[in-house]
Amino acid sequence: MGQRLSGGRPCLDVPGRLLPQPPTPPPPVRRKLALLFAMLCVWLYMFLYSCAGSCAAAPGLLLLGSGSRAAHASPALATAPNGTPSRLPFREPPDTALAAGQAEGAASQEEQSPEAPDSPSPISSFFSGSGSKQLPQAIIIGVKKGGTRALLEFLRVHPDVRAVGAEPHFFDRSYDKGLAWYRELMPRTLDGQITMEKTPSYFVTREAPARISAMSKDTKLIVVVRDPVTRAISDYTQTLSKRPDIPSFESLTFRNRSAGLIDTSWSAIQIGIYAKHLEHWLRHFPLGQMLFVSGERLIRDPAGELGRVQDFLGLKRIITDKHFYFNKTKGFPCLKKAEGSSKPHCLGKTKGRTHPDIDPGVVQRLRDFYRPFNLKFYQMTGQDFGWD
């Protein structure tokens with residue numbers, strides 16, 4: 001009879017006939033578990049990646065951080081030439097230039113306070129190394145104290161919007177640093193997301209329209225406007241909170257009070273002459289590329305105004321009434337769930353300050369002054385904002 005040699009090799013049972021080889025023992029259990037775990041990790045990664053752009057759209061899930069859509073190819077990143085110093089259309093009077101300049105600086109610091117960090121949500125943090133940085137396809141260009149911070153915070157709830165939290169001030173203060181530097185400030189985005197930023201001083205910066213057009217003629221521009229009289233008082237209130245020793249609103253308003261001449265060189269006044277500033281923008285962008293958001297309606301009906309903004313940006317209407325509640329103490333709408341959080345979120349204490357009492361006669365004089373400019377602005381935009 002055949003015999004089996006050592007090592008398990010078969011031997012001849014009869015001449016020319018091999019005994020069958022015994023089956024190979026099964027692989028260790030640990031190897032199977034390791035393979036199963038690796039497959040599970042790959043599947044989980046693919047699932048999260050595919051879900052990143054859509055899971056957050058589900059009701060109640062505000063997962064992704066603020067963001068951006070690569071709607072068009074990025075322009076060449078050649079370093080831009082040094083820009084001329086930004087200036088406003090009207091000169092600052094000697095007695096108010098210092099106060100207004102310091103107020104602008106304080107406002108800038110306030111706008112970049114921790115109340116509006118660019119903090120991504122857990123899933124966007126998971127993909128922090130994914131996507132790419134794009135130049136913004138949409139910019140909120142103004143106006144100061146019109147409601148730009150509220151609009152940006154509301155928009156950041158949308159999973160297809162990624163935005164810079166702080167104001168870059170590229171097209172008015174840092175243009176000489178070049179587009180490559182500017183792009184590096186932007187958050188990373190995935191396909192189908194929009195990159196945004198907001199700097200309200202762009203609207204009153206003469207050089208900004210040409211500079212943004214040079215970056216991309218397809219850039220979408222959003223302007224949040226507000227009753228210019230209320231806006232001026234709010235502007236003054238912000239300055240007063242930083243410098244309690246500044247002159248009264250009434251004394252800063254008039255160049256010659258006895259003659260009733262408004263001092264249009266005071267920044268709080270000249271920002272509200274919207275028609276004059278808009279003329280500069282229309283030389284470089286068609287009206288259809290600009291959206292004018294009512295600051296008053298943004299407070300009364302935030303979901304309605306956000307619907308218009310989402311349509312303008314080509315986004316699905318995800319931000320609706322269910323995202324807001326009205327805070328009676330602040331007098332502003334708040335988010336039920338902030339971006340990347342499950343807690344309610346209101347704008348910080350710097351928003352919704354109580355305005356000082358202003359002489360009704362001065363308020364009426366300002367309304368008379370702004371009326372023709374408002375009417376021209378209504379004609380230029382095709383919208384009646386109801387300020388008169």
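Me: Hi! Which helix is Ser213 found in?

Reply: Hello! Ser213 sits in helix α7, which covers residues 208-215. Keep in mind that this is a predicted model.

Me: Okay, and is Ser213 buried or exposed?

Reply: Ser213 is buried, because its relative accessible area is 7% and the cut-off for buried is under 20%.

Me: What is Ser213 in contact with, if I leave aside its neighbours within four places in sequence?

Reply: Ser213 is then in contact with His284 and Phe285.

Me: New topic. Which residue does the UniProt "active site" annotation cover?

Reply: According to the UniProt record, an unreviewed entry, the "active site" annotation covers Lys145.

Me: Where is the place of Lys145?

Reply: Look in the loop between β4 (138-142) and α4 (148-155), and you will find Lys145 there.

Me: Buried or exposed? I mean Lys145.

Reply: Lys145 is buried, with 13% relative accessible area.

Me: What about phi of Lys145?

Reply: Phi of Lys145 is near 60°, which is a positive value in a residue other than glycine. As background, most residues other than glycine have a negative phi, and most peptide bonds are trans.

Me: Which peptide bond is cis, then?

Reply: The peptide bond from Gly142 to Val143 is cis, and its omega is near -5°. Val143 belongs to the loop between β4 and α4, and Lys145 is placed in the loop between β4 and α4 too.

Me: What is phi like at His169?

Reply: His169 is not a glycine, yet its phi is positive, at about 55°. You can find His169 in the loop between β5 and α5. With a relative accessible area of 5%, His169 is buried.

Me: Let's go back to α4. How many of its residues are buried?

Reply: Eight of the eight residues of α4 are buried, and the helix is mostly covered. Among them are Arg149, Glu153 and Phe154.

Me: Which ring does Phe154 pair with?

Reply: There are 22 aromatic pairs in the count. In one of them, the ring centres of Phe154 and Phe324 are 4.9 Å apart and the planes stand at 80°, so this pair is edge-to-face. The pair links distant parts of the chain, since Phe154 is in helix α4 and Phe324 is in strand β12 (residues 324-327), 170 residues apart.

Me: What kind of aromatic pair do Phe171 and Tyr182 form?

Reply: Phe171 and Tyr182 form an edge-to-face pair, with 5.1 Å from centre to centre and 75° between the planes. Phe171 is in helix α5 (residues 170-173) and Tyr182 is in helix α6 (residues 179-184), so the pair ties together parts eleven residues apart in sequence. Both Phe171 and Tyr182 are buried.

Me: Which residues do ring pairs link into a cluster?

Reply: The cluster is made of Phe170, Phe171, Tyr175, Trp181, Tyr182 and Tyr202, linked by ring pairs.

Me: Okay, sheets now. What is the order of the five strands in the open sheet?

Reply: The order is β5-β7-β4-β8-β11, and the pairing is parallel. β5 (161-163) and β11 are the edge strands, as each pairs on one side only. From one strand to the next, the twist averages 25°.

Me: How many bridges join β4 and β8?

Reply: β4 and β8 pair over four bridges, in the parallel sense. Here Ile139 has Leu221 in β8 as its bridge partner. On to the next pairing: β8 joins strand β11 (residues 290-294) over five bridges, also in the parallel sense, and there Val224 has Val293 as its bridge partner.

Me: And how many bridges for β5 and β7?

Reply: β5 and strand β7 (residues 194-198) have three bridges in the parallel sense, and Val161 stands opposite Ile194 in β7.

Me: Why is β8 described as largely enclosed?

Reply: Five of the six residues of β8 (residues 220-225) are buried, so the strand is largely enclosed by the rest of the structure.

Me: Which helix lies across β8?

Reply: Helix α11 (residues 274-282) lies across β4, β8 and β11, and runs at about 160° to β11.

Me: Last one! Which ring does the charged end of Lys220 sit over?

Reply: The charged end of Lys220 sits over the ring of Phe312, 5.4 Å from the ring centre.

Methods: Residues are numbered from 1 along each chain as its sequence is written. This is a predicted model: local features need pLDDT of at least 70, side-chain atom pairs count only at pLDDT 80 or more; totals for chains, interfaces and linings use all residues. Side-chain values use heavy atoms; hydrogens and water are left out. UniProt positions are given in the numbering used here, feature names are shortened, and annotations may be inferred rather than shown by experiment. Helices (H or I, at least four residues) and strands (E, at least two) are DSSP runs, numbered from the N terminus. Buried means under 20% relative accessible area, exposed over 50%, partly exposed in between (1.4 Å probe, protein chains only). Rings of Phe, Tyr and Trp (its six-membered ring) pair if their centres lie within 6.5 Å; planes under 30 degrees apart count as stacked, over 60 as edge-to-face and the rest as tilted. A charge sits over a ring if NZ of Lys or CZ of Arg is within 6 Å of the ring centre and within 35 degrees of the ring normal. Two strands pair if DSSP finds at least two bridges between them. Axes are lines fitted to C-alpha atoms, for helices over the stretch in contact, and angles run from 0 to 180 degrees between N-to-C directions. Contact means heavy atoms within 4.5 Å.
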